[in-house]
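Hi,

Here is the structure I said I would pass on. Have a look at it first, and then read on for what turned up in it.

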Amino acid sequence: MRVTKVFQYFSGNAWHEPTGGEYFDSENPATGQVWARLPDCREADINRAVAAAKSAFYDGPWSHMLAAERGRILRRIGDVISAHADRLGAVELMDNGRVPNIASGLKPGGWQVDSCHYYAGLCDKFEGKIIPAEMPDMHNYMTWEPFGVVALILPWNSPIGTLIWKLTACLAAGNTVVIKPSEQASASTFELMDILLEADLPPGVVNVVTGFGQTTGEPLICHPDVRMVSFTGGTTAGAKVAALAAQQVKPVIMELGGKSPQIVMPDADLDLAVNGIVAGIFPAGGQSCISGSRLLVHRSIIDAFTERLVMAAKKARVGAPDDPMTQIGPMANQQHYNRVLAAIAAGEKAGHKLLLDGRTACREQGYYIGPTIFADVPNDSELSQNEVFGPVVSTEAWNDEEEVIQKANNSIYGLAGGIWSQDVAFAMRMANRIEAGTIYINNYFNASAQSPVGGWKQSGYGRENGLEGMRCFMQTRSVWLSLNPNQPDPFA
Ligand code: NDP
């Protein structure tokens with residue numbers, strides 16, 4: 001395939017060539033062919049983008065604007081995104097191959113548009129408070145304030161979805177932003193900027209630089225005018241980003257990886273559980289942070305459960321993302337494809353029982369891997385402990401409640417957990433004991449603009465979505481007003 005698109009970077013509502021004149025390639029994972037070139041932004045480009053964001057915050061209209069007016073602009077952003085849902089979806093499909101296509105979330109009623117509209121409505125409802133400071137003649141009140149310029153650093157697995165969640169809360173709070181998407185999937189972020197030009201967003205409020213973690217991400221995080229960092233990505237890179245930000249004592253939000261357990265009780269409705277578990281990992285090719293990839297199944301039903309699981313997973317149609325019959329697209333890039341293949345090979349070498357081998361879906365061109373199921377995988381094995389971020393699940397049997405909780409929580413991660421049971425009391429006891437930021441009972445993978453998501457343990461801190469998601473992009477100011485005209489002399 002020939003290169004069809006060369007992007008420039010976006011700053012001050014205008015497109016710019018990278019100062020160094022360097023570009024890097026973007027591949028279509030369905031074919032392995034280069035289809036676009038993206039600017040490799042370095043220090044001068046980052047300085048320009050941060051300066052535009054700083055000016056929009058301090059001199060420009062954004063932070064001075066009435067919150068209700070910011071809300072009107074956010075609502076328009078939601079509207080123009082849904083008007084161009086198919087266009088955005090087509091670019092993201094070309095860039096990271098994800099199925100189901102993001103376009104569905106960008107249409108009215110979809111997750112991402114809901115997020116724009118939810119925060120549009122919340123903008124002017126964020127109230128401060130009067131604090132009863134228990135001091136005579138003293139009035140104390142607290143307000144919520146934005147940070148200023150915020151860096152948003154994004155992964156490749158769901159670029160537009162992840163971006164919209166961050167962006168809407170961050171803008172609603174009154175901040176301006178510089179975005180650095182993953183160099184593996186940046187094209188849809190630029191396409192979104194082109195669309196945002198129709199939403200009358202003032203220049204400099206949103207800026208995008210593309211490039212690599214070390215040469216674009218790090219100078220952005222360390223730029224003295226960047227006041228806060230919101231990062232979604234792997235735990236290793238997240239720890240590095242947090243350490244860099246700490247050098248200038250910048251607050252960070254960390255949305256990191258996971259290895260989420262799903263507990264299947266003996267009384268579970270097995271059809272419901274199997275369908276929910278399959279839907280909770282395989283359609284996105286496992287390339288989702290909350291994928292429930294560790295299946296902890298009661299010993300009394302594990303054989304029946306596993307048989308149904310394999311049958312259900314076998315039915316999935318792996319194929320080209322633009323084929324409407326496809327249910328699982330390719331891995332998003334070659335590097336990741338090789339990582340997932342290596343994890344499957346390592347699981348096999350470690351002696352785990354391979355019940356379904358997704359490598360049979362591999363093709364000469366493109367990065368295809370089908371559902372893969374390992375059985376009897378011990379809790380402390382590499383396969384149980386490490387995030388594969390691919391269509392790979394493992395099963396393990398348990399006998400009693402204490403054992404299953406110990407296994408579920410035996411992880412450095414704490415992003416999500418699932419429970420499949422018809423016993424409400426048991427399910428709620430488990431929900432109270434699993435160490436994770438999101439728990440699903442008899443469903444998996446749901447999210448909404450109103451409900452906060454985020455991790456415990458090494459899955460991160462800070463929240464996205466809901467009131468908490470907006471609060472994370474704000475800081476408080478406490479104002480003390482003396483009603484007493486006399487200040488006694490402290491040294492009298
Ligand atoms: P990475 O952690 O490799 O990268 C994430 C982003 O950080 C990319 O833009 C990357 O740039 C950038 N980056 C990497 N190193 C640095 C650095 N030193 N300084 C500044 N920026 C840096 O994650 P992936 O893109 O591989 O995404 C997959 C991971 O994301 C998985 O672990 C997954 O669990 C997690 N994730 C978490 C979610 C959540 O909400 N908890 C949601 C989605 C994904 P570059 O591409 O150039 O390396």
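Before anything else, keep in mind that this is a predicted model.

As a bit of background, the strands of a sheet pair through backbone hydrogen bonds, and they can do so either parallel or antiparallel.

There is also an open sheet of three strands, ordered 6-7-23, and here the pairing is antiparallel. Its edges are strand 6 (129–131) and strand 23 (474–482), and each of these has a single partner strand, so one side of each is left without a neighbour in the sheet. The twist in this one averages 30° from strand to strand. Strand 7 (residues 138–146) and strand 23 run antiparallel and are joined by nine bridges.

Now for the ligand. Which residues come nearest to it? Of the 32 residues around the ligand, the nearest are P155, G213, G217, G233 and C289. Helix 8 (213–222) and helix 9 (235–246) are the elements that give two or more residues to this shell, and helix 8 gives the most, with five residues. By type, the shell splits into 12 nonpolar, 14 polar and six charged residues. Both domain 1 (5–256 + 459–478) and domain 2 (261–441) contribute, with at least three residues drawn from each.

One last thing to look at is a pair of helices. The axes of helix 6 (residues 159–172) and helix 7 (residues 187–196) come within 9 Å and cross at roughly 50°, which makes helix 6 oblique to helix 7. The crossing of helix 6 and helix 7 is right-handed.

Cheers

Methods
Residues numbered from 1 in each chain as written. Predicted model: local features only at pLDDT ≥ 70, side-chain atom pairs only at ≥ 80, totals over all residues. Pairing = 2+ DSSP bridges. Helix = DSSP H or I, 4+ residues; strand = E, 2+ residues; numbered from the N terminus. Axes fitted to C-alpha atoms, helices over the stretch in contact; angles between N-to-C directions. Near = placed C-beta within 6 Å. Nonpolar A, V, L, I, M, F, W, Y, C, P; charged D, E, K, R; others polar. Domains from an automatic or database assignment. Parallel < 35°, antiparallel > 145°, perpendicular 65-115°, else oblique. Left-handed = near helix turned anticlockwise from the far one by under 90°.
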